Amino acid sequence: MTTTPAIAAQPVPSAVESVHTTVLGTMTSTWTPAGLYSLRWEDCQRDRHGMGFCDGRAEDLDQRLHEYFATGHAAFDGVRLDEQGWTEFTKRVYQCCREITPGTTNTYKELAHRAGNRAASRAVGAAMARNRVLLVIPCHRVVSAGGKLRGFSAPGGLQTKQFLLDLESQ
């Protein structure tokens, strides 16, 4: 794992990045003083010069990721998130999503109901599409009303979503 200053589409003040190797490829976490701002898979290699300081949070996340990919389960609930830019509804949706047990799924409608607005299935879908903290907010556990897999923006798309669900079901 290495740590570099954050390079993002939207600048994140006082952020550093850490690189994590997984069975599905390289992931990059972006950390701010408030917590984990993003966790995403890299589409391509980037120049990683200029190492920056990151406290033990990145190393802790790295251990949790290794545990997750080895067993299908990891305690991501202990990872503090930077919620900047999230609406109150989005915060509720993400919290409810984090409560979905590994190996199980919820529909967009069920998640909307749990977040306090049973008519907001489309808003839940939009929140899942904007999820910048993959795996920690397990949007891969959210499916359509018929149980079909829908939308997953990580590399590999629905194949990656199915892989993660299968991993958790072992």
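This is a predicted model: local features need pLDDT of at least 70, side-chain atom pairs count only at pLDDT 80 or more; totals for chains, interfaces and linings use all residues.

Trainee: Strands, then. How do strand 2 and strand 3 pair?
Mentor: They pair in the antiparallel sense, over 7 bridges.

Trainee: And how many residues sit between them in the hairpin?
Mentor: There are 2 residues between strand 2 and strand 3.

Trainee: What stands opposite V19?
Mentor: T28, in strand 3.

Trainee: What about T30? Buried or exposed?
Mentor: T30 is buried, because its relative accessibility is 2% and the cut-off for buried is under 20%. T30 lies in strand 3, residues 25-32.

Trainee: Which side chain does T30 make a polar contact with?
Mentor: The side chain of R40, at 3.2 Å.

Trainee: OK, helices. Which residues of helix 2 are buried?
Mentor: F89, T90, V93, Y94, C96, C97 and R98. Helix 2 runs over residues 88-98.

Trainee: What covers them?
Mentor: The cover includes helix 3 (108-114), helix 4 (121-129) and strand 6 (142-143).

Trainee: Take helix 4. How do the axes of helix 2 and helix 4 cross?
Mentor: At roughly 75°, and the axes come within 10 Å. That makes helix 2 roughly perpendicular to helix 4.

Trainee: Which residues make that contact?
Mentor: From helix 2, F89, T90, V93, Y94 and C97. From helix 4, A123, V124, A127 and M128.

Trainee: How many are nonpolar, polar or charged?
Mentor: By class, 8 are nonpolar, 1 is polar and none is charged.

Trainee: Why would residues three or four places apart in a helix point the same way?
Mentor: Because an α-helix has 3.6 residues a turn.

Trainee: Last pair. At what angle do helix 1 and helix 5 cross?
Mentor: Roughly 80°, with the axes coming within 8 Å. Helix 1 is residues 57-71 and helix 5 is residues 157-169. The two helices are therefore roughly perpendicular to each other.

Trainee: Which residues meet there?
Mentor: Y68, F69 and T71 of helix 1 meet F163, L164, L167 and E168 of helix 5.

Trainee: And what classes does that contact have?
Mentor: The contact of helix 1 with helix 5 has 5 nonpolar residues, 1 polar and 1 charged.

Technical notes
Residues are numbered from 1 along each chain as its sequence is written. Side-chain values use heavy atoms; hydrogens and water are left out. Axes are lines fitted to C-alpha atoms, for helices over the stretch in contact, and angles run from 0 to 180 degrees between N-to-C directions. Helices (H or I, at least four residues) and strands (E, at least two) are DSSP runs, numbered from the N terminus. Angles under 35 degrees count as roughly parallel, over 145 as roughly antiparallel, 65 to 115 as roughly perpendicular and the rest as oblique. Contact means heavy atoms within 4.5 Å. Ala, Val, Leu, Ile, Met, Phe, Trp, Tyr, Cys and Pro count as nonpolar, Asp, Glu, Lys and Arg as charged, and the others, Gly among them, as polar. Buried means under 20% relative accessible area, exposed over 50%, partly exposed in between (1.4 Å probe, protein chains only). A polar contact is a pair of N or O atoms within 3.5 Å; within protein, one must be able to donate a hydrogen and the other to accept it, and residues adjacent in sequence count only if both atoms are side-chain atoms. Two strands pair if DSSP finds at least two bridges between them.
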